[in-house]
Amino acid sequence: LVMEDLSAGTVLVTEAELGSCVEDVLKVYVVGNDSSSLLLGSLQSVLGVVFSLYSFAKQNVSYLRSLCQEILLWFLEKSEREVSLAVLEGFAGLNSIVPTLHPRCRFCTGSEGGATIAVEETISDEDEALYQKISLEQCRVENLVELLSHCQKSGLAGDFFIRCLQALTHVAAEDEVALNLASAPEGSLLELEQHHTGQRRKLLVLQLVATLCESVSDTVFTDVAQVQEFVAATLQRACASPAQGPSVAVEAQTLTMAMGLVAAMLGGAVQLQSSDFAVLKRLVPLLEELSCTYPEPVTQELASDLRIAICTHGACSPGTLGAAADGVLGKKPGMGVQSPAGIPSGAPSLRGGWAPSRHSHSNSSAPGERSEEQTLSHEPSTTDPALAPCTDSPPGLQELLVSAYDPQPPARAAALRCLATLITQRDPEALRLQEKLLQLFLENVQHEDAFVYLSAIQGIALLSSEYPERILPVLLKEYLCPARGMEDAAAAITRMKLGEVLMRVTQALGDMVFKHREPLVQAFLQGARDPDSALRASSLSNLGELCQRLGFQLGSIIQEVTSCVTAIAKTDPEAEVRRAAVHVVVLLLRGLSEKATEVLRDVLRDLYRLLKHVVVAEPDGATMLHAQLALEELDAVMRRVLFPPQMLEKKIVVLP
C-alpha cells in the first residue's frame, strides 16, 4: 500500500501489536543483556521509533514509557561512546543515523494504556503546520534532556553537552560564509536550500545548549578532564565570535557556567591534584586570549584572574573567583540574573559600583555549606535567609529604591533582590516603608523581563508573608481591578503574575490561609469568568491548588467551586480552560484522599456526573485524559472506603 492512498485515521499498528513488539524488544535486548555488536546494530535501526514512542508516552499516561526508557538507556550504556553520541544527535534531529516514523504516521493514545500507529491527517493551514513542527521539536529536545539526566554518572550527559558546544563553535566559523551566501542574489536554489538546512541545524544546536544549561546541573561533569573539555569548547566559542548574533543569551549562560565551574574547583569545591592542574593548564592560552579580546571588562578581569589562579596552582586567588564560584554553587547555571558580560550578578565589580552576592568570598565555605547551597531554587531569589545579601559595602535604602527604576534589567533585578533581603532580615527602615516597597514591587511586576518581575514577585510574597493582614487586601484588589489605562492583554498578564504571588503567599501562610479563605476563593472564581482564556485557565489552576491546600477546611465554599467548575467544563469554548476545570477536580480528590467522601459528600455525585460527561462528550484528548485520571482516583477512594484492608492482629490479654 502507498501511504498517500490511505485515509486519515487508518490504524496501521494496533495497540496490542505495538505493546507486544515493545515488550519483545525489551526481553530480547535488555533482559537478555547480550551487548554483541550484531544485536546493538539491529537495535539501532529502530531506536528512532522507540524514542518517538518514548516522547509520546511522556506526554500521556502510558505503561510503554518505562519500557522504552529502559531500552534506550540500555543501548546508550552498552554501545561505544561515539555511537551513543551519534544516536543522541539523531534523536535531536542533528543527523539521520536513526530512522524515524513516516511523516504521515503518528502515535495515538490506546484504550488500555498503550498506543497505536495511525495515518495522520494532512494539515492545510501552513501556520498550524509550522506550530506543530516547532512544538514537536521542542518536545523532542526536552525529552532528550530528560533521558540524559539518567546518564550523568556514566559521563555520557557531559560528553554530549561538550559535543553540542563544539558544534556551536563550528557554527560560529560558518556564520560569516552563510551570511554572504544569503545576501548574494545569484545563489542557486541548491545553495539556498543548503543555507536554510544549516540555519535549522544551528537553531537546533542553540536550543539543545539552552535546554541543557537550564535543566542539568554542574554535576553533569564527572571529572576534571570533562570540565576542561567543556570550558575549552565554551572559551573557543567566545573567542571565535564574542557576544554576537541571536545566540548571545545562550553564549552568556554557557560562558557563565564554564568560568564559574573553574572558579568553584579552584576555590576548594574539588580536591585538585597536580595532575588536575596539568589538565587545567590547557585552558591558559584561551583564558589569555579571552582576557584580551572579549568586549566586556568584567569578563576580561575574571579570565585574567582564572589564568593567574591556574598558573599558581591556586596559591593566588583573586577576589572575583569567589563570587563566580557562588554563581554556580549557589544556583543552577543559566537561571540567575545575567550581567551584560554574561557573568552572574553575584560577581562583585572591582571597578566601582555594587552588585549583590551570596558571600563576599567562597573560599572559606565549608564543603557541607556548598552541598546545601546547591539545593537552592532556580529563581532569582528564594525565601532562604541567605537570600542574596549585599556585598561588603552595601548601598543605602534610598540608593536601592533609585536602582529599582534603573532602565537596565540586571541592575533593577539586583536592587529588588536586595530590597527583598532587607525585608527578610526585618530591617527597621525597610519595614517602615512597607507600603512604598509594595507599590514599587507591584510596578516592577509589570516589567517584561523575567528576572525583574520574578524578583518583584518574590519581594511581594516575602512582604505579604510578614504582614498578610495589610498586604493581602491590596493584592486582592489589584488582582480583581488592575490599574486603569492598561491594555486588556497586559492587564491579563499582570493579573496572572499577581495570581502567582497569591499562591506563594498561601504557601507561606500554611494553615493560617484558612483565615483568608473567602476573599481568595472569590478572587479566583471571578478570574475564572474573565474574557481572557489564559487568565481563566490560570485562575482555575490557582483555585485547584488553593482547594488542595485547604483540604478539610473547604466548608461551604465547595458548593460554589463545584458549580463554577461544572459550568466551565461543560460550556467554555477553549480547551485549555476546560482542561484546567477538570484538573481542579483531580487536585481536590488527590488532596482529600480517603476523606473525600466526608468533605465532598454533598457534591460527590455532581462531580462524578461531570467526569462521566467529560469522558463521553469532550472532544479534547487531554481534557478527557484528566477526567479519566479523576475517575480512577475516585474509584480508588471508594474502594478503600467500601472495602478497607483486613488487618490480622494478635492480641495478648493478661487475665487477673
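In which loop does Arg-426 lie? Arg-426 belongs to the loop between α17 (409-424) and α18 (428-432). The report below places this residue and several others within the structure.

## Basis of the model

This is a predicted model, in which local features need pLDDT of at least 70 and side-chain atom pairs count only at pLDDT 80 or more, while totals for chains, interfaces and linings use all residues. Residues are numbered from 1 along each chain as its sequence is written, and side-chain values use heavy atoms, with hydrogens and water left out.

The predictor's confidence in each residue is given as pLDDT, on a scale from 0 to 100. The protein has an average pLDDT of 75, and 77% of the residues score at least 70. Over residues 328-394, pLDDT stays under 50. The model has 138 contacts beyond four places in sequence for residues 328-394; a contact means heavy atoms within 4.5 Å. Where pLDDT is low, the predicted coordinates should not be read in detail.

## Overall composition

The secondary structure of the protein comprises 29 helices and three strands. Helices (H or I, at least four residues) and strands (E, at least two) are DSSP runs, numbered from the N terminus.

Of the 656 residues in the protein, 49% are buried. A residue is buried under 20% relative accessible area, exposed over 50% and partly exposed in between (1.4 Å probe, protein chains only). Among contacts between residues at least 6 apart in sequence, 73% join residues at least 24 apart.

Two packed helices are described by the angle between their axes and the distance between the axes. Axes are lines fitted to C-alpha atoms, for helices over the stretch in contact, and angles run from 0 to 180 degrees between N-to-C directions. Angles under 35 degrees count as roughly parallel, over 145 as roughly antiparallel, 65 to 115 as roughly perpendicular and the rest as oblique.

The axes of helix α3 (residues 47-58) and helix α4 (residues 64-78) come within 9 Å and cross at roughly 140°. The two helices α3 and α4 are therefore oblique to each other. Their crossing is left-handed; a crossing is left-handed if the near helix is turned anticlockwise from the far one by less than a right angle, and right-handed if clockwise. Residues that make the contact include Phe-51 and Tyr-54 of α3 and Ile-71 and Phe-75 of α4. By class, this contact of α3 with α4 has 11 nonpolar, one polar and two charged residues. Ala, Val, Leu, Ile, Met, Phe, Trp, Tyr, Cys and Pro count as nonpolar, Asp, Glu, Lys and Arg as charged, and the others, Gly among them, as polar.

## Packing of helices α9 and α12

Helix α9 (residues 224-240) packs against helix α12 (residues 284-293) at an angle of about 30°, with the axes 10 Å apart. Helices α9 and α12 are therefore roughly parallel to each other, and their crossing is left-handed. From α9, the contact involves Ala-232, Leu-235, Gln-236, Ala-238 and Cys-239, and from α12, Leu-286, Leu-287, Glu-289 and Leu-290. These residues divide into seven nonpolar, one polar and one charged.

Helix α19 (residues 434-445) contains Asn-444. Is Asn-444 buried or exposed? Asn-444 is buried, because its relative accessible area is 1%. When residues up to four places away in sequence are not counted, Asn-444 touches Ala-404, Arg-412, Leu-416, Val-452, Tyr-453 and Ala-456.

The axes of α19 and helix α21 (residues 468-480) come within 12 Å and cross at roughly 30°. Helices α19 and α21 are therefore roughly parallel to each other, and their crossing is right-handed. The contact is formed by Gln-434, Leu-438 and Leu-442 of α19 together with Arg-470, Ile-471, Val-474, Leu-475 and Glu-478 of α21. Five of these residues are nonpolar, one is polar and two are charged.

## Individual residues

Arg-426 has a positive phi of about 55° although it is not a glycine. With a relative accessible area of 45%, Arg-426 is partly exposed. Asn-33 likewise has a positive phi of about 55° and is not a glycine. Asn-33 is placed in the loop between α1 and α2 (37-44) and, at 42% relative accessibility, counts as partly exposed.

Val-31 lies in helix α1 (residues 15-31) and counts as exposed because its relative accessibility is 62%. Val-31 and Trp-74 are 43 residues apart in sequence and 9.8 Å apart in space, C-alpha to C-alpha.
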